[in-house]
Amino acid sequence: MANTLMNRNDFGMLDPFERMARSFWAPLENMDQVLKTDINETDDQYQVKVDVPGIDKQDVKLDYRDNVLSIKVQKDSFVDHEDQDQNIVMNERHTGTLQRQYMLPNVAADKITASQADGVLTITLPKTQPSANDGQIEIQ
């Protein structure tokens with residue numbers, strides 16, 4: 001308790017050294033901020049489920065090109081610390097982008113569907129039949 005009180009100035013804010021120490025270690029504290037994803041594959045489709053709690057669907061961008069599914073989430077948050085008289089003591093704003101990419105071959109790109117409910121983004125990627133030559137080119 002004494003250390004906590006010593007690290008704060010008269011306004012209840014952290015001293016510069018404490019702020020520096022917290023900002024130094026902050027990236028390690030947020031290592032769990034990734035797009036947690038489950039991918040299931042059947043004979044006819046891939047189903048991707050991504051945890052996106054608290055994210056609006058307009059903040060999620062999906063793209064499928066060159067056999068790669070790209071998921072990009074813009075995460076913005078605002079924390080308002082006011083006293084009872086509505087005097088602003090401190091406001092914090094955090095922004096960040098989370099991205100993941102997955103190689104999912106043989107997908108019918110024009111038939112991909114996505115929905116978001118209860119903090120889970122579900123993407124269904126119907127498969128196409130792989131080409132018979134598997135990329136082999138015959139030399140004539």
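Modeller: What follows goes through the sheet strand by strand.

This is a predicted model, in which local features need pLDDT of at least 70 and side-chain atom pairs count only at pLDDT 80 or more, while totals for chains, interfaces and linings use all residues. Residues are numbered from 1 along each chain as its sequence is written, and side-chain values use heavy atoms, with hydrogens and water left out.

The open sheet has four strands in the order S1-S2-S7-S6, with antiparallel pairing. Strands are DSSP runs (E, at least two residues), numbered from the N terminus, and two of them pair if DSSP finds at least two bridges between them. S1 (37-41) and S6 (113-117) are the edge strands; each has a single partner strand, so one side of each lacks a neighbour in the sheet. From one strand to the next the twist averages 15 degrees, where axes are lines fitted to C-alpha atoms and angles run from 0 to 180 degrees between N-to-C directions.

S1 is joined to S2 (residues 45-51) by five bridges; glutamate 41 has tyrosine 46 in S2 as its bridge partner. On to the next pair: seven bridges link S2 and S7 in the antiparallel sense, and lysine 49 is partnered by threonine 122 in S7.

Strand S7 (residues 120-126) is largely enclosed by the rest of the structure, because six of its seven residues are buried (under 20% relative accessible area, 1.4 Å probe, protein chains only). S7 also pairs with S6, antiparallel, over five bridges, and there leucine 121 of S7 is the bridge partner of glutamine 116. S6 and S7 form a hairpin with two residues between them, and aspartate 118 in the turn has a positive phi of about 55 degrees.

Key. Buried < 20%, exposed > 50% of the residue type's maximum accessible area, 1.4 Å probe, protein only.
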